[in-house]
Amino acid sequence: MSSEVIHDISSAADIISESDAVTLVSHIDADGIASASIMLQTLKREHIPVNPVFIRQLEPMTIPHIPRDSSLKLFTDLGSGQQHLLEDAGFTSDEVLILDHHIPQPAENGTEYRQVNTQFYGDEYQKCSAAGICYLVSRKINENNIDLSKLGVVGNVGDMMAREAGKLCGIAHWIAEDAEKNGILQIRFGINCYGLSTRALHLSISNSDDPVIPGISGKPAAAAAFLVRAGIYPSESSVRIFEELNDDEVRKLSSSLAEQMIANGESTERLFAEQYFFPDEPEKSPLRNASEYATMLNACGRWQKPAVGAAVCEGDRGVRYCEAEHMLRHHRSIIRELCEYILDTGVDELSAIQTIHTGDRYPDTVVGIGAGMALSKLNPAKPILVLCTVSDAPDQVKVSMRTNERTVRRGVNLQEALCISAAEFNGAGGGHNIAAGAYIPKGCENDFIRRVNELIEEQVAPRAKNC
Ligand SMILES: [Mn+2]
């Protein structure tokens, strides 16, 4: 570690240890809940009273949720990008500490808030989420907090830090290795599919859309037949999950999948990924690996129950866990329904994108996820743009866009397209190259869609000319 990051982490640890009381403000996604839980447990162990506040976004409307008292205001997974809001609201630099990984925007009048942000420390920290930073600070406060490394990994995986490389990188990987050395997790070479601890393997591989596996993606029966040929399933009606395979079977599965890709002229590059399993959780539980664990936390957050997710992180396997499981099932069934709605209704295809308006049928917090799932069953080459109404802002329309890794490599950047176009219509956009969102005023939907289409067209055009 460079001396700058060591310095910042130790001073954050000192600020927290020396505080009399803490108000913890965190984001409601998996990384935000994992971050909050690391800090909640760290503070409890130090006997420092803490009051958690979860918010969807740090914006003028949510500022009143932060109490005005003498407590330390600890922001995790948000804050760096909203320093002007904190300044406008009158928070002084010595009552605030930010642990974040989003791009910092300095406050206009120059208040310098104390923060540890992965953006400051170079490549090693580029692929590390807020939960990773929270864990490093927690470990600095007390070395016995090594058990919280598990949540550091869950937050990182939940924030897609392993997506591009098929594994965690830099400091985030160091956290996973450290956890493995201490028996907290098991790093296993695996396939780049979801549900490796809970789903029948033929369903996991047939659900794969990154990469699309020819003859298998979208075809569960064909996937089962494939597993019989590969010697993994005794018969086509068998059900085995990935985690039940021994190393030899994993090798057989990998080479059969690779052959399937090569035979169809596809690259095997995105077929494999490192997976992070937690041996202390029961087998076949959705908490058994980092990516399924993160989904459960996301489900809690998206259905306005982040504190339930935090209780699960803290070890609750009783009432709160049952509630979390219920939300996970609900979350999945609504998304499945939404995905079917998109496929049944059909999308409008433009030259570079495809669009649909889901109105008020589904909550705006899950529309993007459903769009991503529907995309693999539509034209995967064209990004999907879904509009929906927002219950608490009737004059706004929410826009969610999703694409896939292959399209990103052709030059598509959804975040850029939505930021530019939303700004032109007095809205605001944000996100990542592969998944982004925006809010725009009601009434300009058609012009907005045309503009996004134009921008996406421009993004892929220069590459097309070179070919
Ligand atoms: Mn995050």
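1. Domain arrangement. In this predicted model, the centres of domain 2 and domain 3, taken over C-alpha atoms, are separated by 27 Å. The division of the protein assigns residues 3–183 to domain 1, 188–335 to domain 2 and 346–466 to domain 3. Between domain 2 and domain 3, contact involves nine residues of domain 2 and 11 residues of domain 3.

2. Overall dimensions. The radius of gyration is 22 Å, which agrees with the value near 23 Å that a compact globule of 467 residues would have. Along the principal axes, the C-alpha atoms fill a box of roughly 65 × 55 × 45 Å. Of the 467 residues, 46% are buried. Among contacts with a separation of 6 or more, 62% are between residues 24 or more positions apart. The secondary structure comprises 16 helices and 13 strands.

3. The largest nonpolar core. This core has 75 residues, and the members that touch the most others are Val137 and Val154. At least three of its residues come from domain 1 (3–183), and at least three from domain 2 (188–335). Which residues surround Val137, once its neighbours within four places in sequence are left aside? The contacts of Val137 are then Ile9, Ala12, Ala13, Ile16, Leu99 and Val116.

4. The second core. A separate core of 36 residues is also present, and its members include Ala352, Ile353, Ala436 and Ile449.

5. Strand E3. All five residues of strand E3 (residues 72–76) are buried, so the strand is largely enclosed by the rest of the structure. In a regular strand, side chains alternate between the two faces of the sheet. In E3, Leu72, Leu74 and Thr76 point one way, while Lys73 and Phe75 point the other way. The buried set in E3 therefore takes in Lys73 and Thr76 as well as Leu72, Leu74 and Phe75.

6. Partners of E3. Strand E1 (residues 22–27) runs parallel to E3 and is joined to E3 by five bridges. Within this pairing, leucine 24 is opposite leucine 74 of E3. E3 also pairs with strand E4 (residues 96–100), again in the parallel sense, over four bridges. Here phenylalanine 75 is opposite isoleucine 98 of E4.

7. The six-stranded sheet. An open sheet of mixed pairing is formed by six strands in the order E8-E9-E10-E11-E13-E12. Strand E8 (348–349) and strand E12 (428–431) are the edge strands, each pairing on one side only. Strand E11 (residues 396–402) and strand E13 (residues 435–441) are antiparallel and share seven bridges. In this pairing, arginine 402 has alanine 435 of E13 as its bridge partner.

8. Helices on the sheet. Helix H13 (residues 367–375) packs on this sheet, where it touches strand E10 (384–389), E11 and E13. The direction of H13 makes about 35 degrees with that of E11. Helix H15 (residues 414–424) also packs on the sheet, touching E11, E12 and E13. The direction of H15 makes about 170 degrees with that of E12.

How values were computed: Residues are numbered from 1 along each chain as its sequence is written. This is a predicted model: local features need pLDDT of at least 70, side-chain atom pairs count only at pLDDT 80 or more; totals for chains, interfaces and linings use all residues. Helices (H or I, at least four residues) and strands (E, at least two) are DSSP runs, numbered from the N terminus. The radius of gyration is taken over C-alpha atoms; the globule rule is 2.2 Å times the number of residues to the power 0.38. A residue is buried if 20 or more other C-beta atoms lie within 10 Å of its own, exposed if 12 or fewer, and partly exposed in between; C-beta atoms are placed from the backbone. Two residues are in contact if their C-beta atoms, placed from the backbone, lie within 7 Å. A nonpolar core is a set of buried Ala, Val, Leu, Ile, Met, Phe, Trp, Tyr and Cys residues joined through C-beta atoms within 7 Å. Domain bounds come from an automatic or database domain assignment. Two strands pair if DSSP finds at least two bridges between them. Axes are lines fitted to C-alpha atoms, for helices over the stretch in contact, and angles run from 0 to 180 degrees between N-to-C directions.
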